[in-house]
Amino acid sequence: MTSFSHAVGIIGTGNVGVAAAYALFQRQIAGELVLLDKDPRRAEGEAMDLMHGQSLVGRVTVRAGDYADLKGCRVIVVTAGVNQKPGESRLDLLNRNAAVFREIATQLDRHAPEAVLVIATNPVDILTRVMQRLSARPPERIIGTGTMLDTSRFRAALGDYYGVNPRSVHAYIMGEHGDSEVPIWSTAKVGGLSLYRQTVHGRPFDEQAMEALFQRVRTAAADIISRKGYTNTAIGLVIAYLVRVILEDQKSVLPVSVDPEGEYGLREVCLSIPCIIGAGGMEGRVAPVISDTEHQGMVRSARILRDSLEGMEIG
């Protein structure tokens with residue numbers, strides 16, 4: 001089943017939105033990309049720039065537009081948001097982002113009520129929950145990129161450590177996309193063989209080495225930002241992958257940000273657990289059995305996110 005005829009919208013043409021558009025364009029995941037930005041000329045410029053690569057990639061139409069042009073889009077990616085001002089509190093920043101999302105939700109419900117929304121703006125777990133509360137569409141059609149990027153980093157690091165292709169590593173980061181994220185060692189595997197306290201490809205499970213590996217994953221974004229000022233390339237690939245899974249109705253299991261609705265005793269907050277993703281968005285949760293320590297980490301993640309939501313002016 002091909003997704004080539006489908007249209008995808010991207011709201012926000014900053015570093016992340018452009019990386020997502022490039023990945024979608026280069027891989028021909030959609031037949032049409034519609035770019036929106038608060039600065040229409042910026043969106044026009046990015047669309048023009050991508051269109052000049054058609055002879056190298058293939059016929060993918062990219063154009064700038066407004067909300068009315070999103071009608072018929074199967075998936076809409078939201079990367080728009082505001083940056084923190086000097087002296088501004090975290091709550092003030094969250095409230096300003098909530099105001100941005102309120103306008104986006106109103107417009108998308110009017111012009112593209114059937115689309116699956118992929119939220120990529122940080123803090124992604126909080127803003128996914130905000131969008132679920134603001135939009136009239138079913139919550140399963142609003143999913144955050146969550147820990148897909150963290151999980152990709154985790155699998156890449158484990159693949160390097162064990163000397164195998166990262167695609168042969170099956171391991172998740174769950175919980176918050178942020179400092180309280182939880183590495184799930186109890187279900188981590190290479191080629192079906194559990195890593196925990198076993199030897200794989202001649203390398204025993206070394207708890208100190210594994211903790212150091214996880215800490216590098218946890219601080220990866222900060223490490224990249226300290227060098228180039230932002231992260232965008234890998235999250236662009238994550239977004240493109242997630243959009244393809246939805247368009248092709250793949251039923252793939254991915255760690256995305258959703259309301260657990262009782263899984264692990266958690267609800268009314270968005271964080272990442274493995275979910276079945278298809279044309280309907282989040283079509284089911286696949287909550288692995290985790291250790292007591294990992295469960296405590298999930299509870300802590302939920303508490304931190306819930307505390308951030310308290311006091312927000314969502315409406």
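Reader: In which loop is S135 found, and why is S135 called buried?

Author: S135 is found in the loop between α5 (124-134) and β6 (142-144); helices (H or I, at least four residues) and strands (E, at least two) are DSSP runs, numbered from the N terminus. Buried means under 20% relative accessible area, exposed over 50%, and partly exposed in between (1.4 Å probe, protein chains only). S135 has a relative accessible area of 9%, which is under 20%, so S135 is called buried. The model is a predicted one, in which local features need pLDDT of at least 70 and side-chain atom pairs count only at pLDDT 80 or more, whereas totals for chains, interfaces and linings use all residues. Residues are numbered from 1 along each chain as its sequence is written, and side-chain values use heavy atoms, with hydrogens and water left out.

Reader: What makes the pair of S135 and R137 a polar contact?

Author: A polar contact is a pair of N or O atoms within 3.5 Å; within protein, one must be able to donate a hydrogen and the other to accept it, and residues adjacent in sequence count only if both atoms are side-chain atoms. The side chains of S135 and R137 meet this at 3.0 Å.

Reader: How do you know that the length of α7 agrees with that of a helix?

Author: The expected span is 1.5 Å times one less than the number of residues. For the 12 residues of α7 (residues 207-218) this should give 16 Å, and the end C-alpha atoms are 16 Å apart, so the two agree.

Reader: Which residues of α7 are buried, and how do you know on which side they lie?

Author: The buried residues of α7 are M210, L213, F214 and V217. They cover an arc of only 95 degrees, taken from the directions from the helix axis to the C-beta atoms, and therefore they lie on the same side of α7. On the other side, Q208 and R216 are exposed.

Reader: Why is the protein chain called as compact as a globular protein of its length?

Author: The protein chain has 10 helices and 14 strands. Its radius of gyration, taken over C-alpha atoms, is set against the globule rule, 2.2 Å times the number of residues to the power 0.38. The radius is 19 Å, close to the 20 Å that the rule gives for 315 residues, so the chain is as compact as a globular protein of that length. Buried residues make up 51% of the 315 residues.
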